[in-house]
Amino acid sequence: MIELKGIAAASGISIGPAYKIGKEEFIITKEQIRLEDIPVQIQLFEEALIRTRREIIELQKRIAVDMGQEQAEIFDAHLLVLEDRMLIEEVILRLKQECVNVAYIFSEVLKKYINVFSKIEDEYLKERVADVNDVGKRILRNLLGKKRKSFEDLKEKVVVVAHDLSPSDTAAMHKQNVCGFVTDIGGKTSHTAIMAKSLEIPAVVGTQEATVKIKMGDLLIIDGGTGTIIINPDEETLRVYHQEEQKLKGISERFLLVKDLPAVTLDGKSVEITANIELPEEVASVKLHGAEGIGLYRTEFFYMNRKDLPSEEEHYQAYKYVAEEMKPYPVIIRTLDLGGDKFLSQLQFPREMQPFLGWRAIRFCLAQPDIFKVQLRAILRASIHGKLKLMYPMISGVEELRQAHKILEEAKNELINEAVPFDNEIEVGAMIEVPSAAMTADLLAGEVDFFSIGTNDLIQYSLAVDRTNEKVAYLYEPAHPAVIRMIKNVIEVAHSVGIRVGMCGEMAGEPALVLILLGLGLDEFSIPPQVIPEIKYIIRSIALSEAQHIACEALKLSTGKEVEEFSQAKLKEILGGV
Amino acid sequence: MALINKKIIVKNKQGLHARPAALFVQIANKFDASITVRRADERVNGKSIMGILMLGAEKGSEIIIEAEGTDASAAIAELEKIISNEG
């Protein structure tokens, strides 16, 4: 039994034999042809292009049905390359000049373009190299009359193991034959990760050495939630994971039945269930899981892994897309939350002794108003395309809130002067994640349109626990009486002045704690899309009066452990057999 | 048939790669006129994504668009809009 760790890309547990896909390499020999064979070669080439086009369009149709329009659009870029006049003309011209077989010429021309593109420092072009490669291989395969390994005749479900998977590879795998993905390279935002998520197939990427350690047919357990792969597990481990897998499956079937129903308690109180996202591409999955909006759109992704700063246009296009896709539901964009454990590669961040207490989030933005304003302008401009709201992270007091508002006003005035339209009524909120903000929520409430409690930070700040430190991680307790009381205070003062309170930390997706939060009066739960059906199910299974009673009882308890146990017991009672 | 050419400075922040390049090619393909784009010594087909990307035209670089055909002037007018858009 060997255990491998990678990046958790798509959650869920799968058990199955490994099915390894090697890198596809073609051996293409250079063959001289006779002058009179040129028309035949051209015809071969044209037929290969037509066949490839048909394949891509079919693939696109299937993907649109299986995974949504958005994933299908990846292949639009493939069609653009396939139909490229310059590429086609160059192949035909060289064929005539050199009298060499078309497969060879095509592979040479392809290489030339890939070489040029690989040298250009541009994120977008790097993606295009993958597209050109993918289409190129498809055309070559058709030119040579070869077939890609097909997954259709597999007798049992397999875990696909590969160095990397192209969008075509991932898409060619049918849901009924593949129960997991493992790759050597790739990150959370790789094609494999995004596709696996929308297919809801567990995936672990970036394992470095999966293709070395795993042999064809090895029995694999893959846990996409933790990024763990177990190769040839012993019986006990297998039994444990089998149980877990069965449990997850049974539960999710029950929950899926309610995913598109509103989150209303038995006595008629309705709350909003929204989703947390990081990438615009996640919108499809958000809608699929029945979210009524986006409660937290993290925007740090724009700034990661690149040398330059994102332009206003880039921000704008992404926000516009998300706003339009989610219409009429609201989308809350959190302004830049860098620092702590997320850094900008293009700016020099000083090394800090305590980064979580340092120059981060709104503090950074207020010190760099030029960077901040680019984002604010983009959010404002996009606000006419749907229902956008914005919120500032890490507000610690009224002073910071006013400074941020001032920059927002400047951005608005700029747009007014430029006669650029925006929603002047856009709602602005503050995240409550610093204990001082929670304690002074009454002072902040008068200056914003809503609150969103960020529990991950609120818990670590109020309990003084660094979660990543193994020695103290046990002290990180969402159910700690201090945390529950703080949340109660925030909700009460917000409601007294008539503003709504959401929560966008992990706590809002913890089934047992949802009972308490509901009872305390939380208006919106912003959670990962995958847990939406479950949380809706729970809310629909309880009366608000009962939840209030549970919250009231929980507030009398003296330790986090007691609160946790109490709420777990209540959850069991409510859900009965599930 | 008219052959028209026009010198244009690329104003997009991303230059003529990324999304603007794809947009450029899509629009160019709507016209019957043949379209060529020149930058320094490079000449590429304006209806080819590979060609436009190979030009590597950054923000601020000077390119010449040549169009030949009945709808040449309309083509140039539309294409100019894309590259002089300061996004």
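Strands S2(B) and S3(B) run antiparallel to each other and are held by four bridges; strands here are DSSP runs of E of at least two residues, helices are runs of H or I of at least four, and both are numbered from the N terminus. Two strands count as paired if DSSP finds at least two bridges between them. Across this pair, Val37(B) sits opposite Val44(B) in S3(B). The two strands make a hairpin with two residues between them, and Ala40(B) in that turn has a positive phi of about 50°. All of this comes from a predicted model, in which local features need pLDDT of at least 70 and side-chain atom pairs count only at pLDDT 80 or more, while totals for chains, interfaces and linings use all residues. Residues are numbered from 1 along each chain as its sequence is written, and chains are lettered from A and ligands numbered from 1 in the order in which they are written.

Touching, or contact, is taken as C-beta atoms, placed from the backbone, lying within 7 Å. S1(B) itself pairs with S4 (residues 62-68) of chain B over seven bridges, in the antiparallel sense. There, Ile9(B) faces Glu62(B) in S4(B).

Chain A, with 23 helices and 16 strands, has a sheet of its own. This one is open, has eight strands in the order S1-S8-S7-S3-S4-S5-S6-S2, and shows mixed pairing. Its edge strands are S1 (2-5) and S2 (7-10) of chain A, each pairing on one side only, and the twist averages 30° from one strand to the next. S2(A) is joined by three antiparallel bridges to S6 (residues 203-205) of chain A, with Ala10(A) opposite Ala203(A) in S6(A). Helix H10 (residues 235-256) of chain A packs on the sheet, touching S3 (13-21), S7 (219-223) and S8 (228-231) of chain A, and its direction makes about 110° with that of S3(A).

H12 (residues 312-326) and H14 (residues 369-382) of chain A meet at an angle of about 35°, their axes 8 Å apart. Among the residues in this contact are Tyr316(A) and Tyr319(A) from H12(A), and Ala378(A) and Ile379(A) from H14(A).

Most residues other than glycine have a negative phi, and most peptide bonds are trans. Ala419(A), in the loop between H15 (398-417) and S13 (427-432) of chain A, has a positive phi of about 60°. Ala464(A), in the loop between H18 (455-462) and H19 (481-496) of chain A, also has a positive phi, near 55°.

Are these two alanines buried or exposed? A residue is buried if 20 or more other C-beta atoms, placed from the backbone, lie within 10 Å of its own, exposed if 12 or fewer, and partly exposed in between. Ala419(A) counts as exposed because it has 6 C-beta neighbours inside 10 Å, and Ala464(A) counts as exposed because it has 9.

Buried residues make up 42% of the 578 residues in chain A. The largest nonpolar core has 98 residues, and Ile294(A), Ala430(A) and Val490(A) have the most contacts inside it; such a core is a set of buried Ala, Val, Leu, Ile, Met, Phe, Trp, Tyr and Cys residues joined through C-beta atoms within 7 Å. Leaving aside residues up to four places away in sequence, Ala430(A) touches residues including Met391(A), Leu444(A) and Phe451(A). A second, separate core of 46 residues includes Ala103(A) along with Val37(B), Leu55(B) and Ala57(B).

Methods
Contact = placed C-beta atoms within 7 Å. Axes fitted to C-alpha atoms, helices over the stretch in contact; angles between N-to-C directions.
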